[in-house]
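Reader: Hi! Could you walk me through this one? I'll ask as I go.
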Amino acid sequence: MNGLSNGLSIYRAPALAWLALSGLTLLSLELGYWFHTASWLPLLVAVIVWAKGALVARSFIESHLAHPFVRRVLAGFIAFAPAALVLTAFFGDTLARWTQL
């Protein structure tokens with residue numbers, strides 16, 4: 001019995017991470033449904049996107065074991081999407097003017 005419990009324990013952290021990701025996804029769906037006109041919603045969605053990215057990086061990519069340079073690059077990559085989301089939500093027209101051909 002002890003060998004079986006040791007074998008299953010390796011799946012505990014990924015399973016908890018998957019449950020957390022599923023919970024954050026359901027939370028973001030509910031927030032979008034109930035507060036779709038709120039001006040603060042893009043900020044909250046950006047925080048959820050960042051949290052999900054950080055959770056994936058730590059639990060599945062194991063960024064905490066990587067070289068510090070790789071860890072910082074990955075953290076910047078994870079922060080890029082929420083930052084772009086916030087910039088687009090609040091300054092979408094300005095960004096569209098700057099990037100049109």
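Reader: Quick one to start: is Ser-63 buried or exposed?
Author: Ser-63 is buried, at a relative accessible area of 13%. Buried here means under 20% relative accessible area, exposed means over 50%, and partly exposed is in between, with a 1.4 Å probe and protein chains only. One thing to keep in mind is that this is a predicted model: local features need pLDDT of at least 70, side-chain atom pairs count only at pLDDT 80 or more, and totals for chains, interfaces and linings use all residues. Residues are numbered from 1 along each chain as its sequence is written, and side-chain values use heavy atoms, with hydrogens and water left out.

Reader: Thanks! Where is Ser-63 found, and what is it in contact with?
Author: Ser-63 is found in the loop between H3 and helix H4 (68–99). Leaving aside neighbours within four places in sequence, Ser-63 is in contact with Ala-57, Arg-58, Arg-71 and Leu-74. Contact means heavy atoms within 4.5 Å. Helices (H or I, at least four residues) and strands (E, at least two) are DSSP runs, numbered from the N terminus.

Reader: Which residue has a positive phi?
Author: Glu-62 does, with a phi of about 55°, although it is not a glycine. Most residues other than glycine have a negative phi. Glu-62 also has its place in the loop between H3 and H4, and at 41% relative accessibility it counts as partly exposed.

Reader: Nice. On to helix packing: at what angle do H3 and H4 pack?
Author: H3 and H4 pack at an angle of about 165°, and their axes are 9 Å apart. That makes H3 roughly antiparallel to H4. The cut-offs are under 35 degrees for roughly parallel, over 145 for roughly antiparallel and 65 to 115 for roughly perpendicular, with the rest oblique. Axes are lines fitted to C-alpha atoms, for helices over the stretch in contact, and angles run from 0 to 180 degrees between N-to-C directions.

Reader: Which residues make that contact?
Author: On the H3 side they include Val-45, Val-49 and Trp-50, and on the H4 side they include Ile-78, Leu-85 and Phe-90. By class, the contact of H3 with H4 has 17 nonpolar, one polar and no charged residues. Ala, Val, Leu, Ile, Met, Phe, Trp, Tyr, Cys and Pro count as nonpolar, Asp, Glu, Lys and Arg as charged, and the others, Gly among them, as polar.

Reader: And how do H2 and H3 pack?
Author: Helix H2 (residues 12–34) and helix H3 (residues 41–59) pack at about 170°, with their axes 10 Å apart. H2 and H3 are therefore roughly antiparallel to each other. Among the H2 residues that meet H3 are Leu-24, Thr-25 and Leu-27, while the H3 residues include Ile-48, Lys-52 and Leu-55. The residues of this contact divide into 12 nonpolar, four polar and one charged.

Reader: Which residues of H3 are buried?
Author: The buried residues of H3 are Leu-41, Ala-46, Ile-48 and Ala-57, and what covers them includes H2 and H4. Leu-41 has a relative accessible area of 10%.

Reader: Last one: how far apart are the end C-alpha atoms of H3?
Author: They are 27 Å apart, which agrees with the 27 Å that its 19 residues should span at 1.5 Å a residue. The expected span is 1.5 Å times one less than the number of residues. H2, with 23 residues, reaches 33 Å from its first C-alpha to its last, close to the 33 Å expected.
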